[in-house]
Amino acid sequence: MFRLTVISVTLTLLLTGCGEQRVQNPHQGLRIVAMAPNTTEILYALGLSNSVVGVSHYAVYPPDAAQKPSVGGTYDPNFEMIVALQPDLVIGLETQKDIAAQLKALDIPFLGVAHEHISEIMQSILTIGKACGTDTEARQLFQSLEKQLDDISNIRTNGGKRVLVCVGHDESLSRMYVAGKGTFYDELIEYAGGVNACGKSAAKYPEISPEGLTTMHPDVVIDILPNSGHFTSNDWKPYRAVVITNDYASIPGPRFGLLLQDFINAIHE
């Protein structure tokens with residue numbers, strides 16, 4: 001069975017651009033609907049768990065978020081549910097333009113942020129903090145993540161290993177989607193001291209065949225496979241592979257430091 005869930009969740013969350021919206025009564029008594037798991041995690045990290053009254057279907061972290069009322073998928077929300085929750089602000093992704101337009105027609109403010117690159121994730125923390133009246137908490141989180149990157153930059157080694165990140169594939173590895181240049185995963189490879197084995201491509205996440213995999217001759221394959229325990233690194237032989245099943249692997253958000261450490265371990269073990 002083709003892993004459409006991994007592909008769709010991963011690719012729809014890697015987005016560009018940034019919007020800005022400020023509510024009238026920030027923080028105190030604020031009612032927020034989070035339309036993407038990325039933004040849900042940021043809101044919780046900023047201490048706004050009590051303000052979150054609704055989340056997208058894909059929100060799994062923190063565990064408490066999964067108990068919140070669901071407002072549907074990332075791109076197919078239940079607008080009746082959103083209206084019923086009476087939010088002061090809906091926070092989602094910048095590319096959810098159709099949703100933003102429909103919410104505007106309903107007179108519900110929408111804030112869209114980008115999460116394709118680490119710098120955008122960090123900027124979105126400040127943007128959401130400003131919109132929700134938690135500027136101090138946002139700056140503290142920003143500085144903490146900034147320190148993590150600085151610490152890693154000071155100790156990492158550039159071994160030059162060729163790394164291929166796979167974000168989706170079928171059971172037989174006859175069809176694979178890999179992270180190309182200029183993507184979130186490409187940036188993590190660089191931070192971890194590796195070299196992206198995927199060359200330049202018109203698509204950010206091109207589909208490749210087993211023959212294409214051979215021509216890339218990676219030293220290590222990082223298989224992004226959240227919530228799947230039956231596919232292992234042995235299935236990638238003769239290639240050395242590391243399978244990452246943690247949910248944060250497909251959610252570019254404030255936990256990117258955990259995934260970066262996974263990349264470092266995979267490349268330099």
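Predicted model: local features only at pLDDT ≥ 70, side-chain atom pairs only at ≥ 80, totals over all residues.
Me: Which residues of H7 are the buried ones?
Reply: They are Phe-184, Tyr-185, Asp-186, Glu-187, Leu-188 and Ile-189. After H7 comes Gly-193, which has a positive phi, near 90°.

Me: How should I read the nonpolar cores, and which residues touch the most other members of the largest one?
Reply: In soluble globular proteins, nonpolar side chains tend to be buried together. Here the largest core has 53 residues, and those touching the most other members are Leu-43, Ile-128, Cys-132, Val-165, Tyr-185, Leu-259 and Phe-263. There is also a second, separate core of 16 residues, with Leu-164, Leu-173, Ile-208 and Val-221 among them.

Me: Where is Val-221 found, and what does it touch?
Reply: Val-221 sits in strand E9, residues 220-224. It counts as buried because its relative accessible area is 0%, under the 20% cut-off. Leaving aside residues up to four places away in sequence, Val-221 touches Leu-164, Trp-236, Tyr-239, Arg-240, Ala-241 and Val-242. Val-221 and Ala-266 lie 45 residues apart in sequence, with their C-alpha atoms 8.6 Å apart.

Me: How many disulfides does a search of the whole structure find?
Reply: A disulfide is a covalent bond between the sulfur atoms of two cysteines. The search finds 0. As for burial, Cys-166 has a relative accessible area of 1% and Cys-198 is at 2%, so Cys-166 is buried and Cys-198 is buried too.

Note on methods. Residues numbered from 1 in each chain as written. Heavy atoms only, no water. Disulfide = S-S within 2.5 Å. Buried < 20%, exposed > 50% of the residue type's maximum accessible area, 1.4 Å probe, protein only. Core = buried A, V, L, I, M, F, W, Y, C linked by side-chain atoms within 4.5 Å. Helix = DSSP H or I, 4+ residues; strand = E, 2+ residues; numbered from the N terminus. Contact = heavy atoms within 4.5 Å.
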